[in-house]
Amino acid sequence: MAGIVASSVRAGDKVCVVVSAMGDTTDELLDLARSINPRPPERELDMLLTSGERIAGALLCMALDTLGIKARSYTGSQAGIITDRSHGRAKIVDIKPTRVIEAIDRGEVAVVAGYQGVATDTKDVTTLGRGGSDTTAVALAAALGSDVCEIYTDVEGVFTADPRIVPDATKLSVLTYDEMLEMASSGAKVLMARCVEYAKNRSVKIHVRSSFDHSPGTWIVAEEESMERAIVSGIAHDISEAKVTLVGVPDRPGIAATLFRALADENLNVDMIVQNVSAEGKTDISFTVSRDDANRAAEVVERVAHAIGAAGYDVDQGIGKVSLVGAGMRSHPGVAAQMFEVLAKAGINIEMISTSPIRISCVMREDAVANAVRELHNAFHLELAESEDRLRIAQELNERYDE
């Protein structure tokens, strides 16, 4: 990474770098914390976890120094990343990058620790959640007036499916913000949804590329009128969610509001929601949450079940989600029918369904996910090359920003 940064500086670019923790540092710190306290205080956990990015930033500056490049590292708070007070999943509310701008003006590389900030009222250190470094990078790019943010990662770009499951998955040259947002929300791990949402709102182009070479990756941009809308651009899958079901719920107004308000008050993000047809005045309500939040969600649901007189609840951590994403779904009927037919032919049962104008998601058993992804990738012929206009747009962007 130091070599890539040094090359940009020598080419005359002004550079700000946002770093993530190295390797499994964050997971190791989490394991360490939980070995001491199974439920560590959120404030202290954030203090611990932010050290991974600070270590990476300082080491990068040292590596740049050996290459003759002046660099200075900053924590999130030193870089002016202001967040709300939600430990573990804070949101950026403002950026005041005074010290970053001063470093760049001095001809230095500003190296900022990602994934972290400081709460606007308590002044406590906060973390942004998984993928928070990408969000930090996009937010800083917007604050510094850049219209492009390069995200270097361990893959070459965004693929039509996970290459570990589908060996002939194809790297996509261009995706729209909306397509990438749906893929990220559906489990694609290359970029997190908040990062893409921030980029869309601030009109920051994202270029996802490999840390190991300087070849073009995948561009995430606004949709152009000339851009052909692919019926299906890619397939995302997610095996990190759990399904929670509230059983025997009295079917009367206000019950759903009571349940989901209680979850929201605990800062728990809910994905898919399904309510069964009422029978004899009772119904079931199912929803999905991150497996990391499953125990907390169960505690909330247990309280609500007792309060509203529900029969009980169940937590199922053996599910997975598979999603088709493509802007062309808006104008091409029959995509859902074909998806369901493919899954039925493969003997895969669908437990929950959710849709948006450019996405169809199905929940199934976790052990069926890999086969579902392969069957759908084949059925929609995603191994074929992208349209000529998307390849043209990517080529124009590569030529413009790699000069």
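The model is predicted, so local features need pLDDT of at least 70 and side-chain atom pairs count only at pLDDT 80 or more, while totals for chains, interfaces and linings use all residues. Residues are numbered from 1 along each chain as its sequence is written, and side-chain values use heavy atoms, with hydrogens and water left out.

Me: Why is His 207 called buried?
Reply: Buried means under 20% relative accessible area, exposed over 50%, and partly exposed in between, with a 1.4 Å probe and protein chains only. His 207 has 1% relative accessibility, so it counts as buried. This residue is in strand β10 (residues 205-210); strands (E, at least two residues) and helices (H or I, at least four) are DSSP runs numbered from the N terminus.

Me: Which residues does His 207 touch, not counting those up to four places away in sequence?
Reply: They are Cys 149, Glu 150, Ile 151, Pro 216, Gly 217, Thr 218, Trp 219 and Asn 398. Contact means heavy atoms within 4.5 Å.

Me: What makes His 381 partly exposed, and where does it lie?
Reply: Its relative accessibility is 47%, so His 381 counts as partly exposed. His 381 lies in the loop between α12 (369-379) and α13 (388-401). It has a positive phi of about 55 degrees although it is not a glycine.

Me: Is Tyr 115 buried or exposed?
Reply: Tyr 115 is at 10% relative accessibility, so it counts as buried. Tyr 115 lies in the loop between β5 (109-113) and β6 (116-119), and its phi is near 75 degrees, a positive value in a residue other than glycine.

Me: Why are α6 and α8 called roughly parallel?
Reply: Axes are lines fitted to C-alpha atoms, for helices over the stretch in contact, and angles run from 0 to 180 degrees between N-to-C directions. Angles under 35 degrees count as roughly parallel, over 145 as roughly antiparallel, 65 to 115 as roughly perpendicular and the rest as oblique. Helix α6 (residues 132-143) and helix α8 (residues 193-202) pack at about 15 degrees, with their axes 8 Å apart. That makes α6 roughly parallel to α8.

Me: What makes α2 and α3 oblique?
Reply: The axes of α2 (residues 25-36) and α3 (residues 42-49) come within 10 Å and cross at roughly 140 degrees. The two helices are therefore oblique to each other. Their contact is made by Thr 26, Leu 29, Leu 30 and Ala 33 of α2 and Leu 45, Leu 48 and Leu 49 of α3.
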